[in-house]
Amino acid sequence: RVFPAGPLTFRDLTVELFPGLDRVVVLEVSSWQLLQALEVGVSCYPHPDGRFLQVSGVQFQFDPLQCAGYRVLRESVRLTSREGSSPTEAEGLSPTERYTVALPLGVVPSSVLGGPTRAGGPKEVFDCFIGSRVMVEPEGLPMLPTMVSSFFRMLSHFWSSRPGFVTILRR
């Protein structure tokens with residue numbers, strides 16, 4: 001959903017944007033798994049369907065004319081280092097490197113968290129994460145709307161002098 005310019009309420013976050021009150025899980029993934037997750041994200045382009053993972057520190061290009069599963073241009077995937085380098089200093093995917101991703105619990109296959117593997121269903125869209133190491137269990141983190149609300153609150157304090165910045169209203 002795209003929100004128009006104006007106030008964003010906590011209700012907007014909990015009811016409209018994150019209706020499931022999902023938790024977050026942190027995984028350690030291989031470069032292949034990360035690449036496959038990016039492929040899933042652009043597999044239905046140009047139709048928005050909620051598969052695109054929100055990324056931070058990742059830049060990539062894809063060719064929408066290619067078949068799904070072959071759209072991401074592997075050599076274009078660039079990641080900023082853990083030290084927070086600028087995008088011009090970003091590195092490509094390394095076949096031996098492990099990467100950390102945070103995901104809503106609702107898209108993590110149940111077998112990653114020790115549950116039974118189920119065929120089909122929304123969690124199996126990201127079956128590329130099967131075999132990932134869980135770094136932080138979902139119970140160890142707040143609910144997703146709370147995390148987003150806290151992030152906006154932190155940013156609003158940091159950018160309070162900038163007009164037009166997002167402010168969360170409690171209603």
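Reader: How many salt bridges does a search of the whole structure find?

Author: The search finds two. Keep in mind that this is a predicted model. The general idea is simple. Side chains of opposite charge can pair when their charged atoms come close.

Reader: Which residue forms a salt bridge with Arg98?

Author: Glu28 does. The closest N and O atoms of the two are 3.5 Å apart. That passes, because the cut-off for a salt bridge is 4 Å.

Reader: Where do Arg98 and Glu28 lie?

Author: Arg98 lies in strand E6, residues 98-104. Glu28 lies in strand E2, residues 24-30. So the pair ties together parts that are 70 residues apart in sequence.

Reader: Which side chain meets Arg133 in a salt bridge?

Author: Glu28 again, with 3.3 Å from N to O. Arg133 lies in strand E7, residues 133-136, and Glu28 in strand E2, so this pair ties together parts 105 residues apart in sequence.

Reader: Is Glu28 buried or exposed?

Author: Glu28 counts as buried, because its relative accessibility is 18% and buried means under 20%.

Reader: Which residues are linked in a network of salt bridges?

Author: Glu28, Arg98 and Arg133 are. Look for Glu28 in both pairs: with Arg98 and with Arg133.

Notes. Residues are numbered from 1 along each chain as its sequence is written. This is a predicted model: local features need pLDDT of at least 70, side-chain atom pairs count only at pLDDT 80 or more; totals for chains, interfaces and linings use all residues. Side-chain values use heavy atoms; hydrogens and water are left out. Helices (H or I, at least four residues) and strands (E, at least two) are DSSP runs, numbered from the N terminus. Buried means under 20% relative accessible area, exposed over 50%, partly exposed in between (1.4 Å probe, protein chains only).
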